[in-house]
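Look at the structure first, then read on.

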Amino acid sequence: MTVSRRNLLAAGGAGLVAAGCAPVAARLTEPTKPLTAPRPTDSPNRRLADRLTFGPRPGDLAEMESLGQEVWIKRELAADRPDPLPLTLQLHRLDALWMDPHEMWDLPENMIVGQLQQAAILHAVHGPNGLQERLVDFWTNHFNIYGRKGLAAFRIGRIMQTAIRPNALGNFGTMLRSVAHAPAMLVYLDNQVNVQGVPNENYARELMELHTLGVHGGYTQRDVREVARCFTGWSMERRFLRKKGAFVFNEDRHDNGEKLVLGHRIPAGGGQRDADIVLDILAQHPATAQFVCGKLARAFVGEDAPKHVDRMAKSFIASGGDIRNVLGPLLLSDAIVDSPPVFKRPFDYLASAVRVLGGITDGSAAIQDHLAKMGQPLYQWPMPDGFPNEPEAWAGSTLGRWNFAFALTENRLTGTAIDWNGLEATNPKATASAISGQSASFDGTVPEAAALALCSPEFQWR
Amino acid sequence: MNDWMFCDGQGGLSRRGFLAGAGVALGTLTGLSSALAQVQLRPDRREGNVVVILFLRGGADGLSFFVPYREDGYHRVRPSVGLAAPTNQSAAANLRTLDLDGFFGLNPALAGLLPLYREGQLAGIHAVGSNDGTHSHFEAMSAMERGLAEEGPGPSDGWLARHLNATASATDTPLRAVSLGTTMPDSLRGAKNAIAMERLDEFRIDVSDTKKAKVLAHLERMGQSGHDQASISARETVRTLRALDLARTGHVTPATGYPDSDLGRALRDVAALSRAKVGLEVACVDKGGWDSHVTQGAGEGWVPNLLKDLGDCLAAFYKDLGPESSRVTTVVMTEFGRRVQENSGLGTDHGHGSMMMAIGGGVRGNKIYGRWPGLEPAQLSGPGDLAVTTDYRTVLSEVVSKRLGNSKLNDVFPEAHGAPLGILA
């Protein structure tokens, strides 16, 4: 990667380096291109970039224009572009992603949660496969785990690396089974105390209500108890001198009697296989197809989702839960461009703001603090339903968004930088317009105009 | 003179009140004129009642609040996480309940609330809840916040929003309904005039003073015409920033003496807003973490820690409010209680009936209200839950009619529910 002199952080660089954020000096992106001419938010290309990815970086829309929408969408669906080297290097510093959980046992939880957030921000802002990143965020919330409960945090890195990220555009059943075997989830939903005789229903209930069938998916309280019985003994290794934090099946804590789940008889003596059968039943259930496709559709076409769910659910069943198959036709159709806007959650907002200004970030504490003030500290939503999507739920994040916009554009965030000179933006109105499609009269500087555009109602939607 | 008395009662502006109270430079007067119109308070609202809805998220175990120590069944179903009778000298002190009425005992972790109970400022309601049969947090919370018997068809807005919208007036202050947190609870969903803020003292726009007026004016302009949530929130946020800017020069000074916790900070801010007489009518506060499937603890541990924080924060809140206490009524509620029988993990699974509390202004306390359904197997509901003998809306209806002065209860709770229990005077 070549870094031209003008792209070195001419404006804020010296101060930032002095503030101790050397990682930022390693540029994570291709040289920034100038913000182009006004692009109203109703431009189809802009909408595609906003919906499929965490928003365009400077130059992305021009690239989409030259590739053509179809080629661009197919490239996003393929999601096979390698990470740029600086991103790879940044991610490799994060022990929380790579260390074996038993090696992490003595590390402070705050450090682990901080690194997990850092990884999420780095990926969202700098990852080359935007659709993949949006889906990682989607599935992270679908399979939400509260990183402050028990020892869950120590296993979240592994679940992200082995269950969520590789399957985000892959097979739903594979992801579901992988998550179900992940100690982070089992511990978060108390399955380590789900034992023969007195089953603990927590994981069984949320598995059906939130991960697969949906609350109206046709299961009963009896099914909850039976599924809990199937999962008895699924736990995390905590014994002395064993590989702490690994998945373990405790045969002697398993209820080996016969079970009846959603009308399927699971014969006695199945051992660990009982719950594998349950996962197969759930992964292929028509209610799961409806529920999961409904959520996926809402992520991409918002309130238009009901128009598309049935067709997506059919494709979900036919393909055995292949997410690429389910999403491809939707994304390649006019549905995205024709649908009403979708509200950005704070994480969306933060990533899209840094991206639209061609900014770089190391995802460290300062930017995480702003995300927390906006109400979305990642991996810290206590309930298993994930952060809410409804705009009403985020009414309280407005001021946090504004304060982030000013801190970002004034280059006050340690570890994050906007290179105003590199952007070659000289006209405040044009800058505002390129960001939000609006260019209300404003007599301030380019960064001030950019801040206000990031604050605008238009930029809160994608 | 009240710093907030910008109008002279006939709708005219008292220039002296404005300048003295707000203490702003003359140069910014023009920029603030529209904000000024918005912070004029209707005289009958200025010293109105305040209702605080404290929602315990995750399904709080009502049996661990008001413990039915006289019932044999209780000790049978809670061999490990249960508490002892007040007179049981063989139990450790932190496991002995504090007697309330000869049948129920207060969890000793809630000892901070005992004086309020004895003084008649705190009432408990037991075996209270909704009709929810799903045992889903989200369904049960949504039903309660929409004010319905159970999740299903019905109005999609929140019960507090329906009250606020039905009684809205052009002179409502931007601080009429405040959620102390970063997200807005569903009970306020659809409210025309509600704001969420995590902390009062941090509700400031972080730009230099020289730019501030210009920036606020621009933000206001950008949000002024849209009907989308982002525009609505932008307008509310600008209005609130301006109102608080003015109020800060008055009496909005957070007190000390609260536990160092999120709940303590939130209640401290509610007290500050109540004292400042800025037109606050409804405040929503959440305390999460009650989903105690595992090792919930008795005497010490998870649930006792939550209870201690809850009790100590509420006690500090009413101490801080002092003479204002008579204006401020707090309702403590949760989406459902927990399974009566403790599980193998020394916790409890999702249940049905739980408890509520009413504290402060107008409360006829020193009493546990509601019909106790009992804990014998035949008396339980569903998979072994405390039955619901009082619809949660009978309690909230009393609050709406007696404290918020809104007699059109059908607007707020469209479905029929039980008769009032007389919890509020």
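**Reading the model**

Q: What kind of model is this?
A: This is a predicted model.

Q: How many salt bridges are there between chain B and chain A?
A: Start with the general idea. Side chains of opposite charge can pair when their charged atoms come close. Here the count between chain B and chain A is four salt bridges. One salt bridge joins the side chains of Lys211(B) and Glu448(A), at 3.4 Å from N to O. Polar contacts between chain B and chain A number 14 residue pairs, with both residues at pLDDT 80 or more.

Q: Which helices of chain B supply residues to the side that touches chain A?
A: Look at α6 (137-146), α8 (209-223) and α9 (229-248) of chain B. Each supplies at least two residues of that side. By class, the side of chain B that touches chain A has 16 nonpolar, 18 polar and 14 charged residues.

Q: What area do chain B and chain A bury between them?
A: The size of an interface is often given as the accessible area lost when the parts come together. For chain B and chain A, about 4,000 Å² is buried, 63% of it on carbon and sulfur atoms. The contact involves 48 residues of chain B and 51 residues of chain A.

Q: At what angle do helices α3 and α5 of chain A cross?
A: Two packed helices are described by the angle between their axes and the distance between the axes. Take α3 (residues 44-52) and α5 (residues 69-78) of chain A: their axes come within 12 Å and cross at roughly 5°. Angles under 35 degrees count as roughly parallel, so α3(A) and α5(A) are roughly parallel to each other. From α3(A), the contact uses Pro44(A), Asn45(A), Leu48(A), Ala49(A) and Leu52(A). From α5(A) come Gln69(A), Trp72(A) and Ile73(A). Six of these contact residues are nonpolar, two are polar and none is charged.

Q: Which parts of chain A does the pair Asp255(A) and Arg229(A) tie together?
A: Begin with the pair itself. Asp255(A) and Arg229(A) form a salt bridge, with their closest N and O atoms 2.7 Å apart. Asp255(A) sits in the loop between β2 (247-249) and β3 of chain A, and Arg229(A) in helix α15 (residues 221-230), so the pair ties together parts 26 residues apart in sequence. Over all chains, the whole structure holds 48 salt bridges.

Q: Where is Leu262(A) found?
A: Leu262(A) is in the loop between β3 (259-261) and β4 (264-266) of chain A. Its phi is positive, near 50°, and this residue is not glycine.

Conventions. Residues numbered from 1 in each chain as written. Chains lettered and ligands numbered in written order. Predicted model: local features only at pLDDT ≥ 70, side-chain atom pairs only at ≥ 80, totals over all residues. Heavy atoms only, no water. Contact = heavy atoms within 4.5 Å. Buried area = accessible area lost by both parts, 1.4 Å probe. Polar contact = N/O pair within 3.5 Å; in protein donor to acceptor, adjacent residues only side chain to side chain. Helix = DSSP H or I, 4+ residues; strand = E, 2+ residues; numbered from the N terminus. Nonpolar A, V, L, I, M, F, W, Y, C, P; charged D, E, K, R; others polar. Axes fitted to C-alpha atoms, helices over the stretch in contact; angles between N-to-C directions. Parallel < 35°, antiparallel > 145°, perpendicular 65-115°, else oblique.
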